[in-house]
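Work through the following exercises with the sequence and the coordinates at hand, and try each task before reading its solution.

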Amino acid sequence: MTEDMLDEPVLLSEDHDGVRTLTLHRPRRKNAINPALWAALRVALDAAGRDRDIRALVLTGAGGAFCSGADISAPDPSHPIHKLRALTEVALLLHELPIPTIAKVRGVAVGAGWNLALGCDLVVATPDSRFSQIFTRRGLSLDLGGSWLLPKLVGLQQAKRLALLAETIDAAQAHALNLVTWVVEEPELDAFVVELARRLAAGPPVALAQTKALLNEGADRTLRDALANEARAQGVNFATADAPEAFAAFAAAREPEFTGRWALARQTEPTMTSSNGERDA
């Protein structure tokens with residue numbers, strides 16, 4: 001009996017204190033992504049971006065692996081254009097998600113699985129984690145944004161090394177190349193990510209969303225563009241209750257409580273007076 005015949009959910013979702021954890025759930029295939037899982041990811045990421053109660057997102061895998069890439073073991077009669085459209089939608093939704101994202105990596109993160117992790121804002125891995133841009137070993141080229149992500153993170157030459165040779169590197173090497181944010185011992189991984197997600201979820205949601213978008217866009221803009229975008233974003237931030245709350249908390253030597261609430265004062269509309277001296281309603 002195959003995993004798909006067991007009718008198990010391919011993606012698990014759990015919310016806790018403003019943090020949503022999405023778990024790739026095909027452990028018998030090291031969480032290789034089949035069409036059902038691509039579809040579930042698209043729906044889940046779209047929903048997370050629309051839910052104002054969710055302040056941070058953790059992406060991880062079940063059964064001791066993060067993700068072994070796209071599942072090529074089962075035949076898929078879909079046209080390649082349709083297959084790649086599913087990948088494109090997931091990559092864009094993850095990249096443009098207005099909340100901070102964390103990839104919690106155990107075991108392998110390979111091919112599209114690794115690029116899924118790299119699409120998150122922060123990556124936490126264990127010393128035993130292994131990574132590979134395995135595409136050329138399968139007669140394929142990079143997908144799920146790898147051709148855009150890798151050069152930005154490691155530079156063009158190292159990106160070519162990883163992509164052309166498709167070699168496997170460990171967490172220490174990935175950390176040295178800025179492809180992993182933290183390497184944490186296995187027994188401490190869950191608690192580390194919980195605390196990291198808690199800190200992000202406690203942050204000012206509008207300011208974090210603006211900051212994330214500015215950083216994502218700034219890499220492709222001139223300084224003049226970046227400064228203009230920063231000015232526009234800061235105007236949005238000052239219209240929330242979070243900036244005054246931060247100042248008040250600092251003055252009172254307490255922790256701020258960020259809500260993202262819109263707090264721009266509205267001017268009272270002037271009362272209109274008609275020509276006969278009566279006030280209009």
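**Exercise 1.** Identify which residues of α8 meet which residues of α9, and describe the packing of the two helices.

*Solution.* Begin with the contacts, taken as heavy atoms within 4.5 Å: Val206, Ala207, Gln210, Leu214 and Glu217 on α8 meet Asn229, Glu230, Ala233, Val236 and Asn237 on α9. Next, sort the residues of this contact by class, which gives 5 nonpolar, 3 polar and 2 charged; here Ala, Val, Leu, Ile, Met, Phe, Trp, Tyr, Cys and Pro count as nonpolar, Asp, Glu, Lys and Arg as charged, and the others, Gly among them, as polar. Then turn to the geometry: α8 (residues 205-218) and α9 (residues 223-238) pack at about 170° with their axes 9 Å apart. Because of that angle, α8 is roughly antiparallel to α9, a term used for angles over 145 degrees.

The model is predicted, so that local features need pLDDT of at least 70 and side-chain atom pairs count only at pLDDT 80 or more, while totals for chains, interfaces and linings use all residues. Residues are numbered from 1 along each chain as its sequence is written, and side-chain values use heavy atoms, with hydrogens and water left out.

**Exercise 2.** Determine whether leucine 215 is buried or exposed, and where glutamate 230 lies relative to it.

*Solution.* Leucine 215 is found in helix α8, and its relative accessibility of 64% makes it exposed, the class for values over 50%, whereas buried means under 20% (1.4 Å probe, protein chains only). Its C-alpha atom is separated by 9.8 Å from that of glutamate 230, 15 residues apart along the chain.

**Exercise 3.** Find which residues touch the most other members of the largest nonpolar core.

*Solution.* A nonpolar core is a set of buried Ala, Val, Leu, Ile, Met, Phe, Trp, Tyr and Cys residues joined through side-chain atoms within 4.5 Å. The largest has 45 residues, of which Leu41, Leu59, Phe66, Val105, Leu116, Phe131 and Leu179 touch the most other members. Helix α1 (residues 35-50) gives the most to this core, with 6 residues. Apart from this core lies another, of 13 residues, including Val19 and Leu200.

**Exercise 4.** State how the chain is divided into domains, and how many residues of each are in contact.

*Solution.* By an automatic or database domain assignment, the chain is divided into domain 1 (11-201) and domain 2 (204-252). Their C-alpha centres lie 27 Å apart, and 12 residues of domain 1 are in contact with 7 residues of domain 2.

Methods:
Axes fitted to C-alpha atoms, helices over the stretch in contact; angles between N-to-C directions. Helix = DSSP H or I, 4+ residues; strand = E, 2+ residues; numbered from the N terminus. Parallel < 35°, antiparallel > 145°, perpendicular 65-115°, else oblique.
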